[in-house]
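I opened the model today to look up its overall build, its cores and its charged pairs. My notes are kept in the order in which I looked.

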Amino acid sequence: MVAFYEEEFFVKISLVNAPAYQIFEPRYDTPPFTRLGLAYLAGYLRAHGDYDCQLVDAKFERLNEQKTVERILSHHPQVVGLTAFTNEIKSAYKVAVRLKALHPEIIIIIGGTHISAIPEQTMEEFPFFDYGCMGEGEETLLEFCETLKRGDSMAGVRGIIYREGGKIIQNAIRVPIADQNSIPIPAWDLFPPGSEWLIMSSRGCPFTCNFCMNPNGRLVRPRTPEHLLSELIWLYETYGANHFWFCDEIFTVNRPRTLEICKAIIRSKLHRKIRWFAQTHVSCVDGELLSLMKEAGCYRIGLGIETGDEEKLKVMGKKTSIEKILKARAAALFAKLPIESYFIIGQPNETYESAKLTIDFAVKLNPEIPIFGIMVPYPGTKVAEMAANSEGGYVLRSIDWNDFNKQLGNALEFKNLSRWELEKLQAMGYLKVFLYNRRFKDLSLFIWKYRVEARHLFLNLILKRFQKRKWSTKN
């Protein structure tokens with residue numbers, strides 16, 4: 001490996017969230033918050049070395065591909081780190097291609113969930129990625145940059161996949177950071193301030209859902225309540241941040257710790273100044289806990305319900321049941337805390353009847369915000385394995401990563417349920433929850449809030465119905 005300059009190699013690095021290839025879901029394609037993972041990486045690099053970091057969140061800053069490349073090159077980086085979920089990988093690659101065309105000497109490393117799930121396939125499919133970072137990135141990226149500076153081989157750097165001599169070499173996976181308090185505060189100063197702020201109080205999830213690759217591992221690694229509170233206070237006092245989204249996989253997995261977090265927020269009187277949202281598991285809530293969360297500033301919680309079919313709940317790895325779900329809903333009603341519930345149409349061996357069970361159950365739960373997605377065979381999941389082997393009734397419609405979107409994708413259907421029927425069930429779910437519970441005003445507000453997604457969904461339904469009729473006429 002050769003360093004860029006004859007003098008000591010000084011790393012200037014740009015960490016980038018590429019623009020969306022299309023605005024399907026404004027909250028995620030043009031979000032009101034910046035990419036937390038990139039801020040963590042930059043914060044870690046700066047705390048452990050003399051690194052000149054640039055953060056570019058093209059989605060947040062509403063940059064197109066050309067503007068994104070221009071922003072990156074204005075920093076004159078030697079290294080560009082891109083991050084990508086599965087439905088973002090092609091957009092990240094397009095940025096890499098442009099950069100390589102202009103400056104082939106720039107080293108490009110891709111990180112995020114997609115490459116962590118299928119590292120070798122990603123490197124084969126996207127040859128302009130020089131390196132890949134698998135798993136948690138802070139320690140890996142630091143060692144990667146230190147190795148570049150020395151001009152040494154990457155052979156011993158855990159968590160790295162790379163090309164050498166025309167071959168792809170995948171190193172061993174790195175053990176995740178156990179002490180989350182040891183991770184420096186994210187480099188928020190390198191981002192423009194948003195109207196919402198992502199914050200993470202723990203990493204990891206103990207459950208084994210068949211539709212999730214569990215990117216942070218099954219061991220939950222928490223920050224202490226004191227450490228978390230200090231960041232909340234600092235963000236409020238420094239940036240006026242008052243709207244937070246705890247992006248832990250399961251915020252309340254440790255009940256005593258969650259209670260202490262809430263009590264600490266209340267003791268600091270921060271609960272009078274901020275509001276926050278968190279996602280959790282139906283097994284990890286109760287009326288007392290949710291009441292204290294609400295007092296501490298929580299305005300809504302997210303609950304993964306997934307299905308109303310008891311048999312499918314038993315086999316998905318979520319360790320939940322209809323009874324637990326109903327108890328969680330009752331606890332939220334007791335605490336007067338609204339819920340955002342997530343349902344997935346397209347469980348293994350789904351039928352029209354089992355999907356309707358989910359919709360009917362959603363009507364019964366009557367969540368303040370219902371979210372119906374269609375199953376996506378994300379790489380690294382049991383569902384992806386089943387779909388690849390044509391098991392569970394699955395039929396892969398597309399292997400284009402841009403189609404791997406839960407709301408408006410096109411990746412999957414069933415032998416006995418077409419994509420059009422799945423999307424019809426999805427639309428039916430939204431309408432029934434509101435109409436059957438006589439929430440007409442809420443439906444109007446919901447459609448207006450998610451009008452872009454609603455337009456795409458209904459246009460898809462109309463287009464596919466037309467195509468279906470046209471095909472039937474020809475045959």
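The entries below go from the whole chain down to single contacts.

**Entry 1: ground rules.** I noted that this is a predicted model, in which local features need pLDDT of at least 70, side-chain atom pairs count only at pLDDT 80 or more, and totals for chains, interfaces and linings use all residues. Residues are numbered from 1 along each chain as its sequence is written, and side-chain values use heavy atoms, with hydrogens and water left out.

**Entry 2: the whole protein.** I found 18 helices and 17 strands; helices (H or I, at least four residues) and strands (E, at least two) are DSSP runs, numbered from the N terminus. The C-alpha atoms fill a box of roughly 70 × 70 × 35 Å along the principal axes. I then looked up the radius of gyration, which is taken over C-alpha atoms, with a globule rule of 2.2 Å times the number of residues to the power 0.38. For 475 residues a compact globule would have a value near 23 Å, and the protein agrees because it has 23 Å.

**Entry 3: contacts and burial.** A contact means heavy atoms within 4.5 Å. Among contacts between residues at least 6 apart in sequence, 72% join residues at least 24 apart. Buried residues make up 56% of the 475 residues; buried means under 20% relative accessible area, exposed over 50%, and partly exposed in between (1.4 Å probe, protein chains only).

**Entry 4: the cores.** Which residues have the most contacts inside the largest nonpolar core? I listed Ile13, Leu141, Phe144, Phe244, Trp276, Leu290 and Met293, in a core of 113 residues. Such a core is a set of buried Ala, Val, Leu, Ile, Met, Phe, Trp, Tyr and Cys residues joined through side-chain atoms within 4.5 Å. Its largest share, 8 residues, comes from helix α2 (residues 36-48). Apart from this core lies another, of 31 residues, including Val16 and Leu99. I also checked Met293, leaving out residues up to four places away in sequence: among those that Met293 touches are Phe251, Cys262, Trp276 and Ile301.

**Entry 5: salt bridges.** Side chains of opposite charge can pair when their charged atoms come close. A salt bridge here is a side-chain nitrogen of Lys or Arg within 4 Å of a carboxyl oxygen of Asp or Glu, and I counted 30 by this rule.

- Glu65 pairs with Lys94, the closest N and O atoms being 3.5 Å apart. Glu65 lies in helix α4 (residues 65-74) and Lys94 in helix α5 (residues 89-102), so the pair ties together parts 29 residues apart in sequence. Glu65 is buried at 18%, whereas Lys94 is partly exposed at 45%.
- Arg300 pairs with Glu340 at 3.1 Å between the closest N and O atoms. Arg300 is in strand β13 (residues 298-306) and Glu340 in strand β14 (residues 339-345), 40 residues apart. Both Arg300 and Glu340 are buried.
- Glu385 and Lys382 meet at 3.7 Å, N to O. Both lie in helix α15 (residues 382-388), 3 residues apart, about one turn of the helix. Glu385 is partly exposed at 43%, and Lys382 is partly exposed at 42%.
- Glu136, Glu138, Arg203 and Arg221 are linked in a network of salt bridges.

**Entry 6: a loop residue.** Is Gln78 buried or exposed? I found that Gln78 counts as buried, at 6% relative accessibility. Gln78 lies in the loop between α4 and β3 (79-83). A polar atom of the Gln78 side chain lies 2.6 Å from the backbone nitrogen of Lys12.

Key. A polar contact is a pair of N or O atoms within 3.5 Å; within protein, one must be able to donate a hydrogen and the other to accept it, and residues adjacent in sequence count only if both atoms are side-chain atoms.
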